[in-house]
Amino acid sequence: MRTLTITVQSDWKAALRAAGKAAQAETYQGETLNFESPDVFLGRLTALRWSLMRQIMSAGEVSIRELARQVGRDVRRVHDDVLVLAELGLIERTTSGGVSCPFADIHVDLHLRKAG
């Protein structure tokens, strides 16, 4: 079972070191996707893209046309969002031309702290 933790951490070097350390463990520690700021995170993972993620996770493998039908959106717009999700590694293209999510669990770790 593959898992993904999405983090928002401006110190990308620290995030990379933590991911490298987890990769050296003898057992699977899950995977991490880091964004450098909440603005970047929210710009890339919009509400519509989250909706697509939920649908893909529940549908399993699905074609882009069928995905667009299921969520009631234009095929071209869904295709554009699928490209972004695939670029981020959240979904994968299948051999039959559809898409699927390789993760059984995705956790978002986002903190907002008072400055100072």
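These legends walk through close-up views of a predicted model. Local features need pLDDT of at least 70 and side-chain atom pairs count only at pLDDT 80 or more, while totals for chains, interfaces and linings use all residues. Residues are numbered from 1 along each chain as its sequence is written, and side-chain values use heavy atoms, with hydrogens and water left out.

**View A. How α4 sits on α5.** Here helix α4 (residues 64-71) packs on helix α5 (residues 75-88) at an angle of about 110°, with the axes 9 Å apart. Helices are DSSP runs (H or I, at least four residues), as are strands (E, at least two); axes are lines fitted to C-alpha atoms, for helices over the stretch in contact, and angles run from 0 to 180 degrees between N-to-C directions. So α4 is roughly perpendicular to α5 (65 to 115 degrees).

**View B. The residues where α4 and α5 meet.** From α4 come I64, R65, L67, A68 and V71, and from α5 come V75, V78, H79 and V82, with contact meaning heavy atoms within 4.5 Å.

**View C. The two sides of α4.** I64, L67 and A68 are the buried residues of α4 (under 20% relative accessible area, 1.4 Å probe, protein chains only). They pack against α3 (47-59), α5, β3 (92-93) and β4. On the face turned away from that buried side are R65 and R69, which are exposed (over 50%).

**View D. C101 in its loop.** You'll find C101 between β4 (99-100) and β5 (103-109). C101 counts as buried because its relative accessibility is 16%. Leaving aside neighbours within four places in sequence, C101 touches M53, I56, M57, L90, I91 and I106.

Methods
Parallel < 35°, antiparallel > 145°, perpendicular 65-115°, else oblique.
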